[in-house]
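Please give me a short walk through this protein model. Start with the overall build, then look at selected parts.

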Amino acid sequence: SNLNDAAVNHIAQLIDIQEKLKLTVEELCSMVHELPVSKSFPIPPDRQADRRLYERLFDLKKLFGEKDSRTRELHQSTTFYHYSLNKNNPNDKTIDPKTPILLGGLGISETELLMLANLLEVSMPFNDDGNTTLTKENISLLYRHARLARALKLSVEDFIQSLHLNFAQNDLVVTKLEQIHQ
């Protein structure tokens with residue numbers, strides 16, 4: 001009884017996107033919101049089968065660390081560093097051990113990560129020391145863009161170029177279904 005025309009239209013758009021881009025339901029969720037997590041999140045579920053997309057793609061314990069070892073509760077944010085974004089020490093070449101975990105979960109290269117960081121600089125700013133805060137929200141945003149590029153059979157570079165060609169400068173971050181359709 002709560003389904004109105006707007007809700008039905010929204011669901012129809014989601015199904016259309018899912019079919020055209022060949023996305024799973026979990027991947028589709030990340031297109032309009034954040035990556036899905038288990039009911040027990042931020043405590044890892046006891047059964048592997050209960051893990052959702054975010055928990056399957058990323059080693060969250062290595063990425064965020066445990067807040068409470070008794071309950072296995074995970075921190076929900078962490079500092080991430082990339083040496084190439086360090087304006088205060090351009091000679092630093094220290095690689096953050098979280099980089100391979102992030103790249104593996106996103107399924108992109110380090111160069112592509114830096115391209116996405118540039119695209120998402122307002123949503124996910126790096127300070128002059130080359131640090132940003134990783135959260136489920138901004139990892140989901142990174143994932144959305146990386147997954148859309150892959151679904152469209154484009155490199156991240158070509159995907160970003162297509163955003164520039166299709167949208168005004170201030171509308172490059174994909175947050176709406178209309179942008180995905182376009």
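The report below goes from the whole chain to single elements and residues.

## Basis of the model

This is a predicted model, in which local features need pLDDT of at least 70 and side-chain atom pairs count only at pLDDT 80 or more, while totals for chains, interfaces and linings use all residues. Residues are numbered from 1 along each chain as its sequence is written, and side-chain values use heavy atoms, with hydrogens and water left out.

## Overall build

The protein has nine helices and four strands. Both are DSSP runs, numbered from the N terminus: helices are H or I with at least four residues, strands are E with at least two. Along the sequence the pattern reads α-α-α-α-β-β-β-α-α-β-α-α-α.

The C-alpha trace spans about 55 × 45 × 25 Å along its principal axes.

Of the 182 residues, 42% count as buried. Buried means under 20% relative accessible area, exposed means over 50%, and partly exposed lies in between (1.4 Å probe, protein chains only). Contact means heavy atoms within 4.5 Å. Among contacts with a separation of 6 or more, 60% come from residues 24 or more positions apart.

## Helix α5 and its surroundings

Helix α5 covers residues 99-106. It is mostly covered, with six of its eight residues buried. These are T99, I101, L102, L103, G105 and L106. Their cover includes α3, α4, β3, α6, β4 and α7. After α5 comes G107, whose phi is positive, near 70°.

## Packing of α5 on α7

Two packed helices are described by the angle between their axes and the distance between the axes. The axes of α5 and α7 (residues 136-151) come within 9 Å and cross at roughly 45°. That makes α5 oblique to α7. Axes are lines fitted to C-alpha atoms, for helices over the stretch in contact, and angles run from 0 to 180 degrees between N-to-C directions. Under 35 degrees counts as roughly parallel, over 145 as roughly antiparallel, 65 to 115 as roughly perpendicular, and the rest as oblique.

From α5, L102, G105 and L106 meet I139, L142, Y143, A146 and R150 of α7. The residues of this contact divide into six nonpolar, one polar and one charged. Here Ala, Val, Leu, Ile, Met, Phe, Trp, Tyr, Cys and Pro count as nonpolar, Asp, Glu, Lys and Arg as charged, and the others, Gly among them, as polar.

## Strands β3 and β4

Strand β3 (residues 77-86) runs antiparallel to β4, and six bridges join them. Two strands pair if DSSP finds at least two bridges between them. T78 stands opposite L134 in β4.

Strand β4 spans residues 129-135. Its covered face holds G130, T132 and L134, and its uncovered face D129, N131, T133 and T135.

## Two prolines in loops

P44 sits in the loop between α2 and α3. It is partly exposed, with a relative accessible area of 27%. Leaving out residues up to four places away in sequence, P44 touches R72 and L74. P44 and T71 are 27 residues apart in sequence and 9.0 Å apart in space, C-alpha to C-alpha.

P125 lies in the loop between α6 and β4. Beyond its neighbours within four places in sequence, P125 is in contact with N131 and T132.
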